Amino acid sequence: MFNEFNLNDETLNELRCEACSDDAIALNYDQQQALLALLNEWHIVEREGIPQLEKSFKFNNFLSAWSFANRVAELAEEEFHHPAILLEWGKVTVTWWSHSIKGLHKNDFICAAKCDEITP
């Protein structure tokens, strides 16, 4: 499925999210693992039976973490794909998943790669 895009860790962040309709199909385990291998320090967690892509980013203070959280929010608006963002002192945890399909879609991995690009 992903060979058609010729994806690697340098091009995943260059893709744009596509509209994810209710009838879109969630990625299977092998597809998730193939895309996860292209990301740096992201992991898949399962909550209420729904796989989610998650990473915590560390910062020296609250304002730096807040600034990063704002940039993630701007990215989400640009891509029209929205994560859960947990802002704490010196830490931001970003969690991507596709609500409409209750699972992971290629969009989640694209946005995760873009998060890594905006890290200071």
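E54 has a relative accessible area of 11%, so this residue is buried (under 20%; over 50% is exposed, and in between is partly exposed, with a 1.4 Å probe and protein chains only). Its salt-bridge partner is R47, with the closest N and O atoms 3.0 Å apart; a salt bridge here is a side-chain nitrogen of Lys or Arg within 4 Å of a carboxyl oxygen of Asp or Glu. R47, at 38%, is partly exposed.

A word on the basis of these values: the model is predicted, local features need pLDDT of at least 70, side-chain atom pairs count only at pLDDT 80 or more, and totals for chains, interfaces and linings use all residues. Residues are numbered from 1 along each chain as its sequence is written, and side-chain values use heavy atoms, without hydrogens and water.

Across the whole structure, four salt bridges are found. In one of them, D116 meets K55 at 2.8 Å, N to O. This pair spans 61 residues, from helix α3 to strand β2 (helices, H or I, of at least four residues and strands, E, of at least two are DSSP runs numbered from the N terminus). K55 is buried at 7% relative accessibility, whereas D116 is partly exposed at 22%.

Strand β2 (residues 50-58) itself is largely enclosed by the rest of the structure, because seven of its nine residues are buried. Five bridges join β2 to the antiparallel strand β1 (residues 43-47), and six join β2 to β4 (residues 91-96), also antiparallel; strands pair if DSSP finds at least two bridges between them. Along these pairings, R47 stands opposite I50 and F57 opposite V92.
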